[in-house]
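Q: Please show the structure. Then we can go through how to read a few of its features.

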Amino acid sequence: MIALLTFAKDQTVGIARVLGLTLYYIVRGRTDRRVVLEQMWEIGNRSVFFVIVTLGFLGAILIFQTSFQSQRLFGDVSLVGPASLPLLCRQLGPALCGLMVATRVGTGIAAEIGSMVVTEQVDALRMSNAQPVDYLVKPRFYASLVMIPALSVIGVFTAWMAGLLVSTAVYHTNPSTYLNFGMVRASDAIEGLAKAVVFGATIPVIAAHSGLEARGGSEGVGAATTQAVVNSSLAVIALDFLIGGIAFVVKAA
Amino acid sequence: MIRVEGVHKSFGGVPVLSDVSFEVPTGGTLALVGPGGAGKSLLLKLICGLLKPDAGRVFIDDAEVSALGETALMPIRGRIGMIFQNYALFDYMNVGANVGFPLAQLGTVSSSEVRERVARRLADVNLPNIEHLMPRELSGGMKKRVCLARATIHEPPIMLCDDPTAGLDPVSTNRIFRLLKRLQQDNGATALIVSHEVEYLRPLCDQVVMISRGRVVHRGGWDARANDEAAQFLSGEGVA
């Protein structure tokens, strides 16, 4: 138990250090826009298909199951579409998108940086006066900060549209009944976007920390990659809960 | 000048270097030899500040490298050219970008001058017109020479070479040592070379330091005392 707590403390301190250095180099360092654009392509564009497919299926499952229960309990599914949109905007969209991106992008970042560490490329960067956090983490941080909210918006839209297909095909809902924005508020969208921005800042930092901590050879890179997925996923879920709680308190006040 | 004073370094409670001291005068060349796992590569990383010693001090000229942070180390590292044991070429950059990287990072050299100097340096290491190739397209010997070109592109006054001929055939080994000698003589650089190739190091280096089990067992000229561990190693008989 003590070993586990010590490990958790070391991980938290290490991640906080990488975050601090990233923010420091955002203020002090140079930014190569070309590298940021390359990372935006890698993190954003190359994740679009993955996000569309996973969020599409999850949206379809959500609407199917909710409609099934609604039909059984109330004999009516007309509110399923309008009522699911706030849930998707506020909760499921950013969280599921964050988890998917943590899996795809987090592993990529950890493996790339980890293999650079074990092959001494990170040492070569330092010897060339390029700081690893400035050179490797900052562009990914910027890219992720922009692209994860964008992917979340795409994910929410896809999930809702997939739900529309299921709702009309299986439950014969009128599309105009389903496509009703009456139950969604601006605060739902703001909460969802806030979560996506926080996930966008968190995932690359956690993954990069795991990569920078890689030791040994390919085994070390594998361990760093696993660590990145575990830590990023835990962070997404914990932050989702935390931000959701804060939003609830703010709205109640 | 490089000075190492009483350096100790442990990992997980296991001592790797114990009380290591030696000095390389400005413009001097020192061979660092010893059996595998003796701590030679670790010592190079301590000298350039990539790692910190647990005890002891490391100086480059008047600067105490072991006491400086990353930012303060930047101007010192700008004066060091380092050849890594495993090439450490950036695998996502082509050869031209790799070799020009230290110059580009300085931010004081125009991109056209970087390109010119890269072409010149690649010609110096007998690899002209390969700027467009990626590291994965090169042989081991070519990678080492690209690494040598990158380490010397900014004409550093200090060179640290970590086993520059590891895993190379005798022809490539000979070529690398001849290049090293020529580049070191051209720049008048202070050089510290880690290698097992004692016969190649002998004409290249003024002094030799031998490390075994983390301790200095010989420091000075190439004529180690008879019957001791260093004499055995330096004569090519190896160490038990």
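A: Contact means C-beta atoms, placed from the backbone, within 7 Å. This is a predicted model, where local features need pLDDT of at least 70, side-chain atom pairs count only at pLDDT 80 or more, and totals for chains, interfaces and linings use all residues. Residues are numbered from 1 along each chain as its sequence is written, with chains lettered from A and ligands numbered from 1 in the order in which they are written.

Q: Which residues have the most contacts inside the largest nonpolar core?

A: In soluble globular proteins, nonpolar side chains tend to be buried together. A nonpolar core joins buried Ala, Val, Leu, Ile, Met, Phe, Trp, Tyr and Cys residues through C-beta atoms within 7 Å; buried means 20 or more other C-beta atoms within 10 Å of the residue's own. Here the largest core has 136 residues, and Leu32(B), Ile47(B) and Leu160(B) have the most contacts inside it. Helix α3 (residues 80-118) of chain A gives the most to this core, 18 residues.

Q: At what angle do the axes of α3 and α5 of chain B cross?

A: Axes are lines fitted to C-alpha atoms over the stretch in contact, with angles from 0 to 180 degrees between N-to-C directions. Those of α3 (residues 95-106) and α5 (residues 140-152) of chain B come within 6 Å and cross at roughly 30°. Therefore α3(B) is roughly parallel to α5(B), a label for angles under 35 degrees.

Q: Which residues of α3(B) meet α5(B)?

A: Val95(B), Asn98(B), Val99(B), Phe101(B) and Pro102(B) in α3(B) meet Val146(B), Ala149(B) and Arg150(B) in α5(B).

Notes:
Buried ≥ 20, exposed ≤ 12 C-beta atoms within 10 Å, placed from the backbone. Helix = DSSP H or I, 4+ residues; strand = E, 2+ residues; numbered from the N terminus. Parallel < 35°, antiparallel > 145°, perpendicular 65-115°, else oblique. Contact = placed C-beta atoms within 7 Å.
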